[in-house]
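The sequence and structure come next.

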Amino acid sequence: MKKIEAIIKPFKLDEVRESLSEVGVTGLTVTEVKGFGRQKGHTELYRGAEYVVDFLPKVKIEIVVASDVADRAIEAIVKAARTGKIGDGKIFVTDIEHVVRIRTGETNEAAI
């Protein structure tokens with residue numbers, strides 16, 4: 001099993017969710033986050049005063065999938081989230097050793 005964490009632009013969330021649904025992903029967790037990478041933030045003007053926004057709003061999507069589905073899920077995220085501009089985000093993939101569904105006690109593949 002693999003855990004896929006994707007940091008994407010907020011306006012791409014619906015497209016990514018639909019794309020993941022098409023490849024069979026049945027559940028995901030979404031968190032609103034802030035951060036920066038190569039973008040290094042930007043400058044904005046508010047009420048005549050200029051200020052630097054260091055941390056940009058992003059959305060973090062977390063899914064756990066069977067190992068054989070991981071590549072398709074990653075491709076779906078990349079295809080849906082890509083704008084071709086700086087700040088499109090990153091995807092992190094880690095191995096999951098054990099999963100337990102709290103309600104039923106199901107474990108591993110049956111629990112995802």
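How many nonpolar, polar and charged residues are in the lining of the largest pocket? By class, this lining has four nonpolar, five polar and five charged residues, where Ala, Val, Leu, Ile, Met, Phe, Trp, Tyr, Cys and Pro count as nonpolar, Asp, Glu, Lys and Arg as charged, and the others, Gly among them, as polar. The model is predicted, with local features needing pLDDT of at least 70 and side-chain atom pairs pLDDT 80 or more, while totals for chains, interfaces and linings use all residues. Residues are numbered from 1 along each chain as its sequence is written, and side-chain values use heavy atoms, leaving out hydrogens and water.

**Sheet**
- Four strands form an open sheet in the order β2-β5-β1-β6, with antiparallel pairing; strands (E, at least two residues) and helices (H or I, at least four) are DSSP runs numbered from the N terminus, and two strands pair if DSSP finds at least two bridges between them.
- β2 (29-35) and β6 (89-95) are the edge strands, each pairing on one side only.
- On average, neighbouring strands are turned by 20° against each other, direction ignored; axes are lines fitted to C-alpha atoms, for helices over the stretch in contact, and angles run from 0 to 180 degrees between N-to-C directions.
- Between β2 and β5 (residues 56-65), which run antiparallel, there are seven bridges.
- Opposite Val30 stands Ile61 in β5.

**Helices on the sheet**
- α1 (residues 13-22) lies across β1 (2-8), β2 and β5, at about 10° to β5; contact means heavy atoms within 4.5 Å.
- α2 (residues 67-81) lies across β1, β5 and β6, at about 5° to β1.

**Glu62**
- Strand β5 contains Glu62, whose side chain makes a polar contact of 3.1 Å with that of Lys3.
- A polar contact is a pair of N or O atoms within 3.5 Å; within protein, one must be able to donate a hydrogen and the other to accept it, and residues adjacent in sequence count only if both atoms are side-chain atoms.
- Beyond its neighbours within four places in sequence, Glu62 is in contact with Lys3, Ile4, Glu5, Leu28, Thr29 and Thr31.

- The largest pocket holds about 320 Å³ of space; of its 14 lining residues, Phe36, Gly37, Gly87, Gly89 and Lys90 are the closest to its centre.
- A pocket is an open set of points on a 1 Å grid over the protein atoms alone, where a 1.4 Å probe fits, with protein on both sides within 12 Å along at least five of seven lines; lining residues have an atom within 4 Å of a point.
- Grid points are joined across faces, edges and corners, and a volume is the space filled by probe spheres set on the points.
- β2 gives the largest share of this pocket's lining, three residues.
- The second largest pocket holds about 260 Å³, and β5 gives the most to its lining, with four residues.
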